[in-house]
Amino acid sequence: FKRIELKTQSKDELYKLGSTFNKMMDILAKNFEKQQQFVSDASHELKTPLTIIESYASMLKRWGMNDHNLLEESVEAIYSEAVRMQEMTKQMLMLANHDAEWNLDIKEVNLVSLSKETSKLIKNVYDQNISVYARYDRVIASADEQKMKQLLFILLDNALKYSTSSIELHVGYENDHVFLTVKDHGIGIPKEDIPHIFDRFYRVDKARNRETGGAGLGLAIAKRIVDSHRGNIDVVSKEGEGTSFTVTLPK
Ligand code: ADP
């Protein structure tokens, strides 16, 4: 990504052309760097479950056929790591072509019923309560329903992962937009980590999150969904007190 050396500051056409060229080169170089970082982070993330699968498979090959306990443990580990890899690759694929436009299927979506349906589904997996608060029966956004569902899944899943008490989900209108807030009373996010949580592969505490199995991609996808709807996502959090994520979308 070579830049042109521009010797004098002038207003002539050639100078303008040169500086536009340099700007383009800077953008290309930055994007290239981002892609490289993505590939390197992705390979790193996939290496861990692959190593676990490989080592269990090798143990099985050597002793597993005669050791029932080892057989059971290995099959369980291989299965859960494979599921984790599958989830991770799905998320990576969603983010990989970052600049390619998603084909959004925009319709009128009632965020109240969507919130109720999604929380009911997710409640079957976790043993925590999710309460939906809405002043109206219908809060309508022009949005892609599947993407909205995915966004809610990510925010609710995080709220449930990082807290033990009940979760609040608020839906409503405010000025010229609609909002969705997912609030938990869990561990919270340290102040210094807040600016990074929407970055790909960013996790506050790597050891802690290993147990919960995330690759740090959920919020990057959430941000991508919100951006593609020309909305906004904000977070307010305090360590030890809880976190709330608010999504606003044009009406
Ligand atoms: P992960 O799959 O690791 O949860 P995310 O991109 O969804 O990845 O989130 C990035 C990080 O932000 C998480 O690893 C976690 O440390 C932090 N985080 C996200 N949501 C919450 C929350 N509701 N409470 C506390 N920490 C959170």
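A crossing is right-handed if the near helix is turned clockwise from the far one by less than a right angle, and left-handed if anticlockwise. The model here is predicted, with local features needing pLDDT of at least 70 and side-chain atom pairs counting only at pLDDT 80 or more, while totals for chains, interfaces and linings use all residues. Residues are numbered from 1 along each chain as its sequence is written, and side-chain values use heavy atoms, leaving out hydrogens and water.

**Exercise 1.** Work out how α3 passes α4.

*Solution.* Start with the axes, which are lines fitted to C-alpha atoms over the stretch in contact, with angles from 0 to 180 degrees between N-to-C directions. For helix α3 (residues 111–123) and α4, they come within 10 Å and cross at roughly 50°. That makes α3 oblique to α4; oblique is what's left after under 35 degrees (roughly parallel), over 145 (roughly antiparallel) and 65 to 115 (roughly perpendicular). Now the hand: the crossing is right-handed.

**Exercise 2.** Say where S115 sits and whether S115 is buried or exposed.

*Solution.* First, find S115 in helix α3. Next, check its relative accessible area: at 0%, S115 is buried (under 20%; exposed is over 50%, with a 1.4 Å probe and protein chains only). Finally, skip neighbours within four places in sequence, and S115 is in contact with V132, L152, L169, V171 and L180 (contact means heavy atoms within 4.5 Å).

**Exercise 3.** Describe how helix α4 (residues 145–161) packs with helix α6 (residues 218–228).

*Solution.* Take the angle, about 145°, and then the axes, 9 Å apart. The hand of this crossing is left-handed.

Note on methods
Helices (H or I, at least four residues) and strands (E, at least two) are DSSP runs, numbered from the N terminus.
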